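Please open the structure in a viewer and keep the selection tool at hand.

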Amino acid sequence: MRSLANGKNPVKENSFNTGIGQIATTFKKQFGLQIMILTGLAFIVFFRFVPIYGLQMAFKEILPGKSIWESPWVGLKHFRDFFTSGYFGIVMRNTISLSLLKLCIGFPFPILFAVLLNEVASYRARSFVQGVSYLPHFISYVVVYGVISSLLGLNGGTLNSLLLSLGIIEKPRHFLASKSLFWPLMVFLDIWKETGWSAIIYMAAISGINPELYDAAKVDGAGRVRQVISITLPALVPVIVVMLILRVGSILDAGFDQLLVFRNPIVFEKSNILDIYVMDTGISQGRFGYATAVGLFKSAIGFFMVYFSNKLANKSGNGLW
Amino acid sequence: MKQQASRRRSLSYNKIHTSGEKVFTISNTLFMMIVCFLTIYPFINTLAVSFNEGPDAMKGGIYFLPRKFTLKNYAEVFSDKAIVRAYAVTVIRTVVGIIVSLFFTGMMAYGLSKPNILFRKTYMMICVVGMIFDAGLVPTYMLYKDTGLLNNFAVYILPSAISIWNMILMKTFFESMPIELEQSAMIDGANTFQIFFKITIPMSMPIIATICIFNGVSQWNSWFDAYMFMARRPELQPVQTYLYKVIALSQSTTTSAAEAELLERRRVNVTTIRAATVMITVLPVTFIYSIFQKYFIQGMMVGSLKG
């Protein structure tokens with residue numbers, strides 16, 4: 001019996017007699033533990049479930065001076081407005097394209113990094129590189145902007161100075177305010193910030209590979225590259241599949257805080273993703289009903305995507321829950 | 001970590017004998033050096049700019065070291081009451097946030113780690129749904145407005161009091177702990193809370209350190225919640241939000257009078273002062289990070305191996 005809760009009387013608890021009285025007795029016995037759980041659960045219910053009452057705004061016209069409950073129902077008007085507005089196409093295109101770009105270009109990097117790092121012989125060098133690679137994960141995009149703008153800025157930006165002195169460009173370019181460079185920059189920064197951190201799970205998987213496999217391969221005359229291709233990569237396939245499935249589940253998250261920090265009027269049409277659109281219309285313009293509808297559209301699709309991708313991942317025994 | 005090192009395959013006496021392997025080793029080393037450089041260089045550059053004189057920095061060309069060294073930028077940052085106050089808010093919200101979150105998350109994880117707890121499945125299902133369903137920004141805003149959390153310091157602390165993800169990490173750790181000690185304490189008449197605080201907590205330092213780092217970093221880095229939910233009380237906004245407002249200001253085309261004044265005051269030295277503000281924001285994280293690194297890597301490994 002591992003349980004503390006039923007340590008005193010295991011037989012009684014494991015019996016199939018689960019009448020109300022039985023439940024009450026068990027509950028009483030576990031009272032302390034139940035209080036611990038219920039306190040936490042109260043927070044979850046309050047902050048994650050109670051806001052659901054606000055979702056009715058998606059079907060209502062919020063009138064000034066009236067509460068959510070008093071405002072009149074308008075059915076699916078807000079959804080119709082969103083789907084027929086010119087913004088729907090732009091916002092969806094931006095969200096999905098940027099997200100897919102980050103997925104397609106960014107996804108292989110942590111795998112490559114983990115595999116190559118594993119080939120570094122010295123333990124100290126390995127931990128040093130690993131430690132350095134995590135660092136950007138722990139700073140916010142606000143700070144990233146601060147750091148990047150001193151590199152890419154227009155006046156006195158380091159990259160501009162370098163390119164000017166090498167004669168590659170004639171006059172300074174404003175890298176941060178360029179429509180064509182905006183998406184590539186966002187993808188690059190996403191890779192820069194998260195590669196080391198995402199590599200952890202692959203490192204964990206690599207460290208679980210039986211070293212004898214490598215020894216056997218060596219006896220057979222396999223070189224290091226051969227060992228990577230024939231042993232390390234195949235061992236990573238299950239993890240890669242799961243990570244890919246889970247990543248696809250969050251396809252509508254294109255990087256809210258990143259774009260919020262890096263957007264500016266020049267790149268406006270490139271940076272307008274679902275989350276940003278909800279914030280602009282809802283909080284800034286005060287169109288609560290409309291923004292709630294757009295947000296609900298995103299949440300609903302997001303929920304099912306994550307739910308089903310996890311189901312899929314569970315098939316290989318590696319889901320998140 | 002050490003165990004892992006000894007269990008690794010031995011690359012060291014895998015003597016480099018073919019030219020192909022030599023090329024591989026050299027290019028791999030080169031690759032790792034480039035990765036490290038690309039990761040660290042932006043910080044070095046910003047550090048150099050933050051120690052340089054403002055007007056001189058506008059000319060560009062500062063790569064690794066400041067050209068005209070000065071401490072004036074830091075002096076200006078620390079003499080700006082708004083920044084110092086924002087910094088204090090950051091420190092306070094981080095400390096309070098860590099304690100509150102650890103307390104509630106730990107207790108919940110402990111309760112759920114007991115396999116025979118009543119309604120365990122239901123509780124876990126609520127947690128998972130809560131984790132993946134997001135009501136959205138506007139309903140959350142309305143809830144805070146209706147319950148008085150808007151423009152209230154508690155909005156930094158209470159919503160993150162339970163992090164479901166961290167709770168599951170802690171639960172996994174507690175489940176792997178031996179329970180003999182707890183059982184003997186129970187026979188001695190200790191109640192659940194005494195066991196939790198006197199026996200389980202002291203034995204759980206690796207996971208507690210991990211969770212503290214995660215909470216601390218996320219509190220330290222938060223800026224959106226303050227920007228969104230603390231709009232009316234800028235004096236209670238943390239330093240990251242302050243930094244965001246400075247950035248947003250320099251990007252926007254139209255500014256109000258009050259904002260224009262803030263901008264004007266800093267126009268001459270805007271690059272160097274921003275660099276100095278960035279540095280004082282990022283240095284504590286880097287410092288704490290390098291001290292506790294090995295703990296949370298262990299914690300993360302445990303979490304990700306859970307499967």
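The crossing of H3(A) and H6(B) is left-handed, that is, the near helix is turned anticlockwise from the far one by less than a right angle.

Next, display the residues that form this contact (C-beta atoms, placed from the backbone, within 7 Å). H3(A) supplies A:Ile37, A:Leu41, A:Ile44, A:Arg48 and A:Phe49, while H6(B) supplies B:Tyr123, B:Ile126, B:Cys127 and B:Gly130. By class, 7 are nonpolar, 1 is polar and 1 is charged. Ala, Val, Leu, Ile, Met, Phe, Trp, Tyr, Cys and Pro count as nonpolar, Asp, Glu, Lys and Arg as charged, and the others, Gly among them, as polar.

Now select both chains. Here 92 residues of chain A are in contact with 99 residues of chain B. On the side of chain A that touches chain B, H3(A) gives the most, with 13 residues.

Of its 307 residues, 39% count as buried, with 20 or more other C-beta atoms within 10 Å of their own C-beta atom, each placed from the backbone.

Residues are numbered from 1 along each chain as its sequence is written, and chains are lettered from A and ligands numbered from 1 in the order in which they are written. In this predicted model, local features need pLDDT of at least 70, side-chain atom pairs count only at pLDDT 80 or more, and totals for chains, interfaces and linings use all residues.

Conventions:
Helix = DSSP H or I, 4+ residues; strand = E, 2+ residues; numbered from the N terminus. Contact = placed C-beta atoms within 7 Å. Buried ≥ 20, exposed ≤ 12 C-beta atoms within 10 Å, placed from the backbone.
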